[in-house]
Amino acid sequence: MPTKSRLKDLAFGILMAAGIGITYHLLRAYTLNNSWRLNVEYTFLQFLTALWWVFKSVLFEELIFRGALLYIAIKKIGIHKACLLSAACFGVYHWFTMGAFGNPFQLIIVFIMTGIAGLAFAYAFAKTKSLYLPFALHFGWNVITIVIFSNGPLGLQLFIYENLHSTHGTLSSIIFLFQIFALPIGLYFYLGKKQMN
């Protein structure tokens, strides 16, 4: 049931994840000299349809990985092991949804990226005893990535890359690490020293 604290978690989670997602995409655009253009053929109905798709997919994943698997695992093996199990399962699940099979390097990258996000979502659930915060973090990130910046299974959405440059080395590593760790670090400071029981 919604409470003041859970609604605060919901608002914070969406805003933080969206802010980090936007920052990540802007970092890539400006540091790599990439540019975006507005998809002028994109309609409001397409936007609403994409939001609904993201909402359903995130809710499904949260109910499976945090609402069922993590909830049961916490009771059976304790919070820390359960969070690691949930994160690992979340990472492996994304091998299928992101079509990573056949490329060992991609399997590792997908597992690390989604596993770390899954671990953050799991600890958010464990600390708040609610799906509001993990759902909000997951939803905020996916909306920005998939719907706003067209980086996902729905194809071209609101903004489209006009050119796409990539880089290697230090700059690429910094942007990659920001994408992986900014959300868990922000979540850590938000949750502070709240006890997990």
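Me: Helices here are DSSP runs of H or I with at least four residues, numbered from the N terminus; in which helix is the place of F181?
Reply: This is a predicted model in which local features need pLDDT of at least 70, side-chain atom pairs count only at pLDDT 80 or more, and totals for chains, interfaces and linings use all residues. Residues are numbered from 1 along each chain as its sequence is written, and side-chain values use heavy atoms, without hydrogens and water. The helix that spans residues 170–191 holds F181, and that helix is α6.

Me: Is F181 buried, partly exposed or exposed?
Reply: Buried means under 20% relative accessible area and exposed over 50%, with partly exposed in between (1.4 Å probe, protein chains only). Because its relative accessibility is 36%, F181 counts as partly exposed.

Me: Which helices do the buried residues of α3 pack against?
Reply: Helix α3 covers residues 79–97, which makes 19 residues, and its buried positions are I79, A82, C83, S86, A87, F90, G91 and H94. Judged by contact (heavy atoms within 4.5 Å), these buried residues pack against α2 (44–77), α4 (104–128) and α5 (132–148).

Me: What positive phi does G99 take?
Reply: Helix α3 runs through residues 79–97. Just after α3 comes G99, whose positive phi is about 55°.

Me: How far is the backbone oxygen of V54 from a polar atom of the side chain of S57?
Reply: S57 belongs to helix α2, and because its relative accessible area is 18%, S57 is buried. From a polar atom of the S57 side chain to the backbone oxygen of V54 the distance is 3.0 Å.

How values were computed
Helices (H or I, at least four residues) and strands (E, at least two) are DSSP runs, numbered from the N terminus. The expected span of a helix is 1.5 Å times one less than its number of residues. A polar contact is a pair of N or O atoms within 3.5 Å; within protein, one must be able to donate a hydrogen and the other to accept it, and residues adjacent in sequence count only if both atoms are side-chain atoms.
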